[in-house]
Amino acid sequence: MDTYGDMVTLLLCFFVLLYSMSTIDSAKWEALVMSFNPMAKQVTTETPSGGKGPSADADDGGVAPEPDVSDNVTQEEIDEDIESLFQAIQAYIQQTEQQSTITAAKDGGKIYISFGEAVFFGPESSYLLAEAEPVLNAVSGMLDAASESISEVRVLGHTAQGNPTKPNNPKTDRTLSSQRAANVVIFIQEHSVIAPVKLISEGIGQWRPVDTNETSEGRAKNRRVEMIISGRDLQMEAEGVTSYYTTTYTTH
């Protein structure tokens with residue numbers, strides 16, 4: 001019984017000690033630490049209410065802090081950049097030898113450019129022609145001048161329905177149009193300073209014709225690459241109505 005009583009007494013003392021440590025006075029704790037290390041400094045780390053702090057391990061699922069993407073640009077300056085870009089594109093079309101196969105239009109904060117098949121690609125091919133490089137180099141340079149005011153550059157590849165009575169093979173049709181759009185985007189990414197995250201390629205196939213597929217002239221118009229350049233909208237960005245890719249992080 002004596003041994004049991006001693007054990008119970010020791011357990012009681014142990015839990016009392018734990019309780020006393022859990023309610024330690026902050027001033028006494030600081031005095032204790034300073035007694036061991038007079039050079040110690042108090043450091044306070046705060047986490048914003050309702051949020052999670054950044055993870056020390058990039059792979060453990062922690063939430064990384066968002067970078068500061070704010071700038072001093074105004075909507076008026078953005079609109080002026082997009083208008084200047086449109087004027088530059090129009091001027092280039094007027095002086096190029098391929099003006100009959102390149103068209104441009106502007107609606108609000110978006111610029112629409114259409115390039116005929118003969119500008120970039122040969123029949124049934126997704127490889128860029130040599131004649132396409134000067135055109136894309138010029139476009140890349142113009143995009144550079146307005147890169148900070150651009151939200152995205154979307155490139156769409158189109159094909160024509162070769163047989164007016166029978167749709168194209170879906171695999172061939174989608175693949176060809178996607179590869180054409182992707183090759184245009186790749187060229188721009190390699191020759192422009194615009195952020196790659198703003199570049200998007202899409203394969204539309206035969207499904208958005210601008211003319212009949214019953215004539216060779218109509219099919220030639222349908223085989224095209226379109227580029228849609230969107231200017232930034234600061235109001236939408238402020239309201240958080242923006243695409244996920246507009247917030248970028250440094251990659252290594």
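View 1. A search of the whole structure, which is a predicted model, finds 1 cavity of 30 Å³ or more. The largest cavity has a volume of about 50 Å³. Its lining consists of Ile89, Tyr92, Ile93, Ile102, Ile113, Phe115, Val135, Val139 and Met142. Helix H3, strand S2 and helix H5 each supply at least two residues of this lining. Rolling a probe the size of a water molecule over the atoms shows where empty space is left.

**View 2. The whole chain, for orientation.** The protein chain holds 8 helices and 5 strands. Along the sequence they follow the pattern α-α-α-β-β-α-α-β-α-β-α-β-α. Of the 252 residues, 29% count as buried. Contacts between residues at least 6 apart in sequence were also sorted by separation: 70% of them join residues at least 24 apart.

View 3. H3 covers residues 75-95. At 1.5 Å a residue, its 21 residues should span 30 Å. The end C-alpha atoms are 31 Å apart, which agrees. The buried residues are Ile78, Ile82, Leu85, Phe86, Ile89, Tyr92 and Ile93. Seen down the axis of H3, they fall within an arc of 125 degrees, so they line one face of the helix. Glu76, Gln94 and Gln95 are exposed on the other side.

**View 4. What covers the buried residues of H3.** The cover includes both strands and helices. Among the strands are S1 (102-107), S2 (110-116), S3 (150-158) and S5 (224-231). The helices include H5 (132-145) and H8 (234-238).

View 5. Side chains of opposite charge can pair when their charged atoms come close. The structure holds 7 salt bridges. In one of them, glutamate 83 meets lysine 106, at 3.5 Å from N to O. Glutamate 83 lies in helix H3 and lysine 106 in strand S1, so the pair ties together parts that are 23 residues apart in sequence. Glutamate 83 is partly exposed, with a relative accessible area of 31%. Lysine 106 also counts as partly exposed, at 31% relative accessibility.

View 6. Glutamate 202 forms a salt bridge with arginine 154, and the closest N and O atoms are 2.2 Å apart. The pair links distant parts of the chain. Glutamate 202 sits in strand S4 (residues 199-205) and arginine 154 in strand S3, 48 residues apart. Glutamate 202 is partly exposed, with a relative accessible area of 27%. For arginine 154, also partly exposed, the value is 22%.

View 7. Arginine 232 forms a salt bridge with glutamate 237. Their closest N and O atoms are 3.0 Å apart. Arginine 232 is buried, with a relative accessible area of 13%. Glutamate 237 is partly exposed, at 30%. Elsewhere, salt bridges that share partners join Glu152, Arg154 and Glu202 into one network.

**View 8. Helix H6 and its buried face.** At 1.5 Å a residue, the 22 residues of H6 should span 32 Å. The end C-alpha atoms are 32 Å apart, which agrees. Buried here are Asp173, Leu176, Ser177, Arg180, Ala181, Val184, Val185, Phe187 and Ile188. Seen down the axis of H6, these residues fall within an arc of 160 degrees, so they line one face of the helix. On the other side, Pro170, Lys171 and Glu190 are exposed. The buried residues of H6 pack against helix H4 (117-120), H5, S3, S4 and S5.

**View 9. Isoleucine 194 in a loop.** Isoleucine 194 lies in the loop between helix H6 (170-191) and S4. At 2% relative accessibility, isoleucine 194 counts as buried; the cut-off is under 20%. Leaving aside residues up to four places away in sequence, isoleucine 194 touches Asp144, Ser147, Ile150, Val153, Ile188 and Leu199. One of these, Ile188, is among the buried residues of H6. Isoleucine 194 and alanine 145 are 49 residues apart in sequence, and their C-alpha atoms are 9.2 Å apart in space.

Definitions and conventions:
Residues are numbered from 1 along each chain as its sequence is written. This is a predicted model: local features need pLDDT of at least 70, side-chain atom pairs count only at pLDDT 80 or more; totals for chains, interfaces and linings use all residues. Side-chain values use heavy atoms; hydrogens and water are left out. Helices (H or I, at least four residues) and strands (E, at least two) are DSSP runs, numbered from the N terminus. The expected span of a helix is 1.5 Å times one less than its number of residues. Buried means under 20% relative accessible area, exposed over 50%, partly exposed in between (1.4 Å probe, protein chains only). The arc is that of the directions from the helix axis to the C-beta atoms. Contact means heavy atoms within 4.5 Å. A salt bridge is a side-chain nitrogen of Lys or Arg within 4 Å of a carboxyl oxygen of Asp or Glu. On a 1 Å grid over the protein atoms alone, a cavity is a set of points where a 1.4 Å probe fits but cannot get out, and a pocket is an open set with protein on both sides within 12 Å along at least five of seven lines; lining residues have an atom within 4 Å of a point. Grid points are joined across faces, edges and corners, and a volume is the space filled by probe spheres set on the points.
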